[in-house]
Amino acid sequence: MQVVNQGGDQMVLHVGPQHPGSGHFRIIVTIDGDYIVAAKPDPGYVHRGAEKMAEYRTYIQNIPHLERPVIIDATGITLPYVLAAERILDVESPERAQYIRMIMAELNRIISHLYWLAIYGIFLGHSTMFMWPMGDRELFIDLAESIGGTRVTFSFVVPGGVRNDIPEGFKERALKTFQYFEKRIKEYEEIFFNNPLMKSRTVGIGILKKQNAIKLGITGPNLRASGIDSDTRKDEPYCLYDEVNFDIPVYQEGDSYARCMVRLKELQQSMDIIRQVLDRMKPGPIKHVIRGVMRGEPGEAFVRTEAARGTMFFHIVSDGERFPYRVKISVPSFRNLIGMSHLLVGSRLADMPAVYWSLDYWPVEADK
Amino acid sequence: METFEDFLKRILSIIFWLLLLSPVIIFPIFFLIIPVLGISIPTTNEFLTALIDPIKGIQLADKYGVGPSSTFFKIAAFPGFTFAALMATLIILYERKLIAKVQLRVGPLYAGRFEGVLQPIADLFKLLGKEIIVPERADKLFFWLAPILSIGLGAALLAVLPLSPNIYIARSEVSLLIPFAIIGFTPLVILIAAWASSNKFAFIGGLRALHQLIAYEIPMLISVLGVVILSGSLDLMIIVESQQQVWFIIPQLLGAIIFYITILSELERTPFDIPEAETELVSGWLTEYTGMHFGLLQLGLYIKFYALSLLFTLLFLGGWYGPAFLPPLAWLLIKLFFVITVVILPRAVMPRLRIDQLMRLGWVWLIALSFINLFIAVIEVSLGLI
C-alpha cells in the first residue's frame, strides 16, 4: 500500500458518495488514530434545481414536482407548498379536507420515522432493527395508499382541498393497525432502545448543547432532543392542529440516544393525533373546486409547517402569471447538516454512523 | 459485443486446441513420469468397473491408497476438508434461515424447491461467475495469497479435532494446543489481505481485526486452561473421555462463557463484527475482494466457525457422549448445532460494539475473569470435586 503523508499521523477518508454508510453525499473525514479531527460535509450530488424548475410549472404541476426531494415524507413537503399556494390563489379548503390533510401528514411522519429507525438500526449493526420497522412501515404505507392511491408519492394535497375522501372502513383499519403497532413499539424498546449495547453506543455520543442547537439553527426532533420545546404544530398551528391535544416529546440530553427517543415518542403522538382526528371528522365537502386556469394575485406567501425532519418553510412569490415567479424552500435537512460537522469533530470514527444518522439527514432534500 | 456465434466458435476452438495438445501433455505423464516414480495406476478395465459398481470402486480405491481408511481420504474428504466445507455451507444456510425467522422474513426460499436448501450452491456458482478484480495498486502476490492462506488456516484447524473415538485425522498428545497455534496466524493473514488491498477502509479494518484478535486470544487460551487442569491432559481425546460423568460446562461455567465470547470475537461476529462494520468501513478488510477470492475468504471464516464450535463442544459439552440410543457422531453433531445456534443468535439481537469498548472488555474484564476461572478449577481439583 502506498501511504501519502498528510502531515502527522492523520488520514483523510472520503466517506461517500459511493459508500454503504453515506447516502447521496460525502463527508470528508480527517482522522487521527480513532478520533475525527475534522469532518467536512460535501453535499450537492443530487442537486437538480427544484426551485428553478418550479418557476416553469403551474401551481398544480408543481405538486408532484416538489414532492420529489423528499418522497419519503411526501405530504410533509407538499402540504406547506399547497398552503402557500392557497394564499396566493386565495382559496379556502373545507374543514374535512383539513382533517384529511392532518391524517396524511401524520401518517407520512410515521412512515418517515420508521424508515429512519430501520436505517439507524442497520447503522449500528442491528439487522433485526432494520427488518422490523421496514416490515411494519408497510402497514402504514397500506393505510396511506388506501387514501392517496400510491405507495409513497401521493401528490394528494391540492390547492382547495384534497384529491380524494378517505375510503370506507378506513377508521377501523387504522385503529387496528395502531393497536398492533403500539405492541410493536414495546418490542422495539425491548430489543433496541433498552438494549445495553445500543445505549453504550449512543448515550453521551454526539452531544448537541442547547445554546449550540440554537446557534446552529437546528430544527425538528434534533432541536427537541436538545431541550428546546419547539414545534411548529404548536407554535404556529396550521390546518386544525390547535383543535387536537398532543404532547411534544422533549429531551434534555441532546445526545444521539435522546434524538432516537424523541422520534420514538413522536410515533406514538402521531397515532394519537390521527385517532383524535378520526373521532372529530364530520361528513362534508373535501375540495373547493377551482374552475379555469389557476392564476394567483401578485404577491408573496410564507408558510411554515412541521415536516418529519423539522420545520419546512416555503416562500412563494407570484407576479399574477400561471407560474409562480419564485419558489424558495428552506428544508430541515440542510439546516441539520450544519450541525453535523460540529458534532462529528472529536468523536470516534465508529461513532460516525451513530451521530450522522441520528440527525436524520436526507441528502436529496438538502440538495433539492 | 460478442455474438452467440462468436462465443460458440471460441468454445470450439478451445476444445480443438485442448484435443490437439492433450497427447503432448498426457503421453509423457503415462510413459515417462509414472514409470519413473513407480506409481501404480488403475488399468482401463478397473477404472470402468469402478465407474459402474461403487462397492468395487471403494475396494479399488483402497487398493490404490485413496480408500476411506487412507490418510488421504481422511484429510481430503471425511472428517477433513470436504466435510468441513459442507458443514460451512450448511452453517451459512442455517444462519440465513434462522436470522430470517427472528426478523419475520422467510430467508432463502426458491433454490432447491424446499426452503431454499440449494441457496449456498447457487451462491457458489454466482461467485464463480464473478470477475476477479485486483486493484491496480494492490500488492498482487499478497493479494492473491490471502484467500489461499485463509482457507488453508481454516482447514489446518481441523487436523487434530476428533469427531468420535475412531473418526479423526491425526492424534497428538498436545492436540488442544495445535488449534490455538494455528489461530495465532489469523491476524497475519488479515493484515496481509488488508495491506495488500491498498485501500484505506481495508487498512483500518485490518488494523481493527488485528487489535481485536490479539486482545481475545489471551483470555481464550486461559479460559481453556481450566479444562486442562480438570482433565489433566492436553489431548482432546482424553479431555472428552474425562467428561463421561459430568460435562465440563458445569464446573467450568465461567470458562465456557468466556470461551463463547472469545469465539464470537475470533469469528468477527456480532456484536464483535467491528472489522467489517459496513457503515463506516464498507466491508473492512474484505472490501477489495471480489468473486471467488471473496468466496474463499468467507469459506475460510466459516470453516473456522465450524472448527471453533466443534472445539467448544469437545471442551465443554462432553463431545460425543450421550445416551446410547444414538451413535456418538450423531450426539456430537446435535451438540455442535446447538453451539452453532448459540453463536449465530447474537447477530439477531445485538448492535455492534465500538473498538475501544471491545478492547476494554477483552484486556480488562475477560483476562481477569479467566484467571478467576483458573483458580476455580484449581480449587475444584484440590477439593476433589471432579
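# Briefing on a predicted two-chain model

Chain B has an average pLDDT of 85, and 98% of its residues score at least 70. The structure is a predicted model, with an ipTM of 0.83 and a pTM of 0.86. Chain A has 14 helices and 8 strands, whereas chain B has 17 helices and 0 strands. Between the chains, 28 residues of chain A are in contact with 28 residues of chain B.

**Confidence**

- For chain A the average pLDDT is 87, and 98% of the residues score at least 70.
- Within chain A, β1(A) has the lowest confidence, with a mean of 84. The highest confidence in chain A belongs to helix α6 (residues 170–193), with a mean of 91.
- Among the elements of chain B, the lowest mean pLDDT is 71, in helix α13 (residues 278–281). The highest mean pLDDT in chain B is 91, in helix α15 (residues 328–344).

**Overall form of chain A**

- Chain A contains 14 helices together with 8 strands. Its radius of gyration is 21 Å, close to the 21 Å that the globule rule gives for 368 residues, so chain A is as compact as a globular protein of that length.
- A box of roughly 70 × 45 × 35 Å, taken along the principal axes, is filled by the C-alpha atoms of chain A.
- Of the 368 residues in this chain, 51% count as buried.
- Among contacts in chain A with a separation of 6 or more, 71% are between residues 24 or more positions apart.

**Overall form of chain B**

- The C-alpha atoms of chain B fill a box of roughly 75 × 50 × 45 Å along the principal axes.
- Chain B has 386 residues, of which 38% are buried.
- Of the contacts in chain B between residues at least 6 apart in sequence, 74% join residues at least 24 apart.
- The domain assignment divides chain B into domain 1 (44–73) and domain 2 (82–382). The centres of domain 1 and domain 2 of chain B, taken over C-alpha atoms, are separated by 35 Å.

**The side of chain A that touches chain B**

- On the chain A side, 28 residues are in contact with 28 residues of chain B. The elements giving two or more residues to this side are β1 (10–15), α5 (127–148), α7 (196–202) and α13 (352–356) of chain A.
- The element that gives the most to this side is α5(A), with 5 residues.
- By type, the residues on this side of chain A comprise 15 nonpolar, 10 polar and 3 charged.

- A:His14 lies in strand β1 of chain A, an element that gives two or more residues to the side touching chain B.
- With 15 other C-beta atoms within 10 Å, A:His14 is partly exposed.
- Not counting residues up to four places away in sequence, A:His14 touches A:Arg26 and A:Ile28.
- A:His14 and A:Ile28 are 14 residues apart in sequence, while their C-alpha atoms are 4.8 Å apart in space.

**Helix α10 of chain B and its two ends**

- Helix α10 of chain B covers residues 200–231. At 1.5 Å a residue, its 32 residues should span 46 Å, and the end C-alpha atoms are 47 Å apart, which agrees.
- B:Ser198 is in the loop between α9 (186–197) and α10 of chain B. This residue has a positive phi of about 55 degrees although it is not a glycine.
- B:Ser198 counts as partly exposed, with 18 C-beta neighbours inside 10 Å.
- Just after α10(B), B:Gly232 has a positive phi of about 75 degrees.

**The loop between α12 and α13 of chain B**

- B:Glu268 is in the loop between α12 and α13 of chain B. The phi of B:Glu268 is near 55 degrees, a positive value in a residue other than glycine.
- B:Glu268 is buried, with 25 other C-beta atoms within 10 Å; the cut-off for a buried residue is 20 or more.
- B:Pro271 is also placed in the loop between α12 (253–266) and α13 of chain B. The peptide bond from B:Thr270 to B:Pro271 is cis, with omega near 5 degrees.

Note on methods:
Residues numbered from 1 in each chain as written. Chains lettered and ligands numbered in written order. Predicted model: local features only at pLDDT ≥ 70, side-chain atom pairs only at ≥ 80, totals over all residues. Contact = placed C-beta atoms within 7 Å. Helix = DSSP H or I, 4+ residues; strand = E, 2+ residues; numbered from the N terminus. Nonpolar A, V, L, I, M, F, W, Y, C, P; charged D, E, K, R; others polar. Domains from an automatic or database assignment. pLDDT = per-residue confidence, 0-100. Rg over C-alpha atoms; globule rule 2.2 N^0.38 Å. Buried ≥ 20, exposed ≤ 12 C-beta atoms within 10 Å, placed from the backbone. Expected span 1.5 Å × (residues − 1).
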